[in-house]
Amino acid sequence: MDEREFLFFRGSTPTLELVLPLAVQFSDTVYLTLSQCGQAVVEYAMNGSSTLAGSGTLTRAEEDENVLLLTMSQADTLALAAGDVELQLRIKNDVGADTFRPICGRVGRALKEGTIG
């Protein structure tokens, strides 16, 4: 059985919907890291900053406090190589901080590389 929980392709602009077991407030600090081969490649932050910041967005869904939305840009997906990828969330709120188990996914290759104008 394939344990991959998401798939997107290089050069695409996917939006991943992440349903969490806890409520996220708009004021919470959230970091999302995408890594390959044990190395962080792209990071997103909500109420924080990152040295590997992607040009996409990480936001809480307006209608559901348990849902985060990651919208990636073409440049973000092209920064990742085709193959396995891990996604990990870290959250800090008024109660404390939590690091979630990495989610395994896959980046599909594009037959024609580059951004679409």
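## Terms and model

Buried means under 20% relative accessible area, exposed means over 50%, and partly exposed lies in between (1.4 Å probe, protein chains only). By that scale glutamate 113 is partly exposed, with a relative accessible area of 44%.

This is a predicted model: local features need pLDDT of at least 70, side-chain atom pairs count only at pLDDT 80 or more, and totals for chains, interfaces and linings use all residues. Residues are numbered from 1 along each chain as its sequence is written, and side-chain values use heavy atoms, with hydrogens and water left out.

## Salt bridges

The whole structure holds 4 salt bridges. The term means a side-chain nitrogen of Lys or Arg within 4 Å of a carboxyl oxygen of Asp or Glu.

Glutamate 113 pairs with arginine 10 at 2.4 Å, N to O. The two sit 103 residues apart: glutamate 113 in the segment after strand E9 (103-108), arginine 10 in the loop between E1 and strand E2 (15-19). Strands (E, at least two residues) are DSSP runs, numbered from the N terminus. Arginine 10 is buried, at 16%.

## The network at aspartate 84

Arg4, Asp84 and Arg106 form a network of salt bridges. Arginine 4 meets aspartate 84 at 2.8 Å, N to O. That pair spans 80 residues, from the segment before strand E1 (7-9) to strand E7 (residues 83-92).

Aspartate 84 also bridges to arginine 106, at 2.9 Å, N to O. Aspartate 84 lies in strand E7 and arginine 106 in strand E9, so this contact ties together parts 22 residues apart in sequence.

Relative accessible area is 33% for arginine 4, 41% for aspartate 84 and 37% for arginine 106. Each counts as partly exposed.

Definitions and conventions. Helices (H or I, at least four residues) and strands (E, at least two) are DSSP runs, numbered from the N terminus.
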